[in-house]
Amino acid sequence: MASVFTIEDIVDVNITLGDRPIAQSNFSTPLILSADAPFAPDRILTVTGVEDMVSAGYADGDAAYEMVALIFGGDNPPREAIIGNVGVTGSSETYIEALAAIEAETTDWFFILADTHTEAEQEALAQYAEAERKMYITSSSSADIPDGTAGNLLETFKDLQYDNTLLWPHADADTVYPEGAIVGAMAGLREGSSTLHGKTLSGVPTNKWTRTQANYIQDNNGFQYVNIGGVGFALDGKMVSGRFFDVTRGALWLEARLEEDLFGLLKRQSDLGRKISYDAVGLAVIEGVIYERLSLAVARNFLAADP
């Protein structure tokens with residue numbers, strides 16, 4: 001006859017796993033802000049190509065459509081893009097107000113693009129990107145930039161030393177929306193592993209500046225796409241502060257991952273009923289976590305092994 005007792009009556013083992021996953025920041029998905037989007041009253045729409053845009057009511061020639069076409073027509077596109085609807089609460093809603101509402105639904109995006117090239121909105125979006133550790137990519141057809149008119153948008157951005165904003169002066173900015181091509185060339189690559197300099201930006205005509213205009217734009221950290229040797233060539237690839245695109249994206253990635261790694265360490269230890277002591281032993285554990293992440297940054301060619 002089987003015993004009415006079991007092993008658990010004598011030895012009761014409970015296993016606590018300190019392995020709760022920590023949400024990680026996204027560094028590849030673009031958010032495209034679109035005024036009076038046809039999918040209202042919804043605030044956001046996730047797409048994977050122009051077919052999804054057509055299904056949502058967009059047409060060839062619409063700003064958001066053009067950006068999506070360039071994004072997914074690039075050599076290194078993201079897996080998806082998010083369209084954010086501006087104007088859900090009324091025609092007076094600003095792009096910054098729309099961003100706040102979008103954040104209430106999702107923050108799982110990194111690049112910011114917008115169908116507006118109004119300088120006041122561009123300045124507000126650049127300020128937002130700097131504060132929120134996002135990357136804002138925009139363009140401008142204003143003749144004031146290549147002409148070197150004092151106080152133009154490029155000079156303004158350079159003076160503010162925004163690390164997280166890229167400005168592309170382009171004569172066709174308001175019809176081509178070339179900023180989408182930069183996302184299509186870079187988003188699918190590991191953060192910090194490859195430079196924007198030299199990339200092919202499919203679907204975008206090259207800039208046709210005079211040498212004087214090109215020098216002025218380069219000196220003020222504007223982006224250019226030029227014809228060299230019969231091929232399109234992304235020149236320099238700098239943010240308006242002068243920092244390179246790949247360095248900015250890689251630094252934001254590394255900063256976020258280190259924060260997530262250390263928070264995850266503290267959370268897992270707490271769940272296991274332990275703590276990270278602030279002594280030599282605890283600091284060695286923290287150092288190990290940091291070293292592991294820095295080693296990954298070296299492996300993906302963002303940091304040098306021997307700086």
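The model is predicted, and every value comes from its coordinates.

**Helix α12**

Helix α12 covers residues 280-299, 20 residues in total. From first C-alpha to last it reaches 28 Å, close to the 28 Å expected at 1.5 Å a residue.

Which residues of α12 are buried? They are Gly282, Ile286, Val289, Arg293 and Ala297. Seen down the axis of α12, these buried residues fall within an arc of 90°, so they line one face of the helix. An α-helix has 3.6 residues a turn, so residues three or four places apart point the same way. What covers the buried residues of α12 includes α11 (245-271).

The other side of α12 carries exposed residues: Ala280, Val281, Glu287, Tyr291, Glu292 and Ala299.

Both ends of α12 deserve a look. Asp279 caps the N-terminal end, with a side-chain oxygen 3.1 Å from the backbone nitrogen of Val281. Just after α12, Asn301 takes a positive phi of about 75°.

Strand β6 spans residues 165-169. Of its 5 residues, 5 are buried, so the strand is largely enclosed by the rest of the structure. Thr165, Leu167 and Pro169 point one way from β6. Leu166 and Trp168 point the other way. Both sets are buried.

How do β5 and β6 run, parallel or antiparallel? They run parallel, and 5 bridges join β5 (residues 135-140) to β6.

**Aromatic pairs**

The structure holds 6 aromatic pairs. The rings of Trp168 and Tyr225 have their centres 6.3 Å apart and their planes at 75°. Planes over 60 degrees apart count as edge-to-face, so this pair is edge-to-face. The pair links distant parts of the chain: Trp168 sits in strand β6 and Tyr225 in strand β7 (residues 224-228), 57 residues apart. Both residues are buried, Trp168 at 0% relative accessible area and Tyr225 at 4%.

Elsewhere, Phe27, Phe110, Phe111 and Phe245 form one aromatic cluster.

Ser139 lies in strand β5. Its relative accessible area is 0%, so Ser139 is buried. The Ser139 side chain makes a polar contact with the side chain of His117, at 3.2 Å. Beyond its neighbours within four places in sequence, Ser139 is in contact with His117, Gln122, Leu167, Trp168, Ala173, Pro178 and Glu179. Two of these, Leu167 and Trp168, belong to β6.

Glu130 lies in helix α5 (residues 119-132). Is Glu130 buried or partly exposed? At 25% relative accessibility, Glu130 counts as partly exposed. Leaving aside neighbours within four places in sequence, Glu130 is in contact with Gln161, Tyr162, Asp163 and Asn164. Arg190 is 60 residues from Glu130 along the chain, and their C-alpha atoms are separated by 21 Å.

The accessibility values discussed above are set out here.

| Residue | Relative accessible area | Class |
|---|---|---|
| Trp168 | 0% | buried |
| Tyr225 | 4% | buried |
| Ser139 | 0% | buried |
| Glu130 | 25% | partly exposed |

Terms used:
Residues are numbered from 1 along each chain as its sequence is written. This is a predicted model: local features need pLDDT of at least 70, side-chain atom pairs count only at pLDDT 80 or more; totals for chains, interfaces and linings use all residues. Side-chain values use heavy atoms; hydrogens and water are left out. Helices (H or I, at least four residues) and strands (E, at least two) are DSSP runs, numbered from the N terminus. The expected span of a helix is 1.5 Å times one less than its number of residues. Buried means under 20% relative accessible area, exposed over 50%, partly exposed in between (1.4 Å probe, protein chains only). The arc is that of the directions from the helix axis to the C-beta atoms. Contact means heavy atoms within 4.5 Å. A polar contact is a pair of N or O atoms within 3.5 Å; within protein, one must be able to donate a hydrogen and the other to accept it, and residues adjacent in sequence count only if both atoms are side-chain atoms. Two strands pair if DSSP finds at least two bridges between them. Rings of Phe, Tyr and Trp (its six-membered ring) pair if their centres lie within 6.5 Å; planes under 30 degrees apart count as stacked, over 60 as edge-to-face and the rest as tilted.
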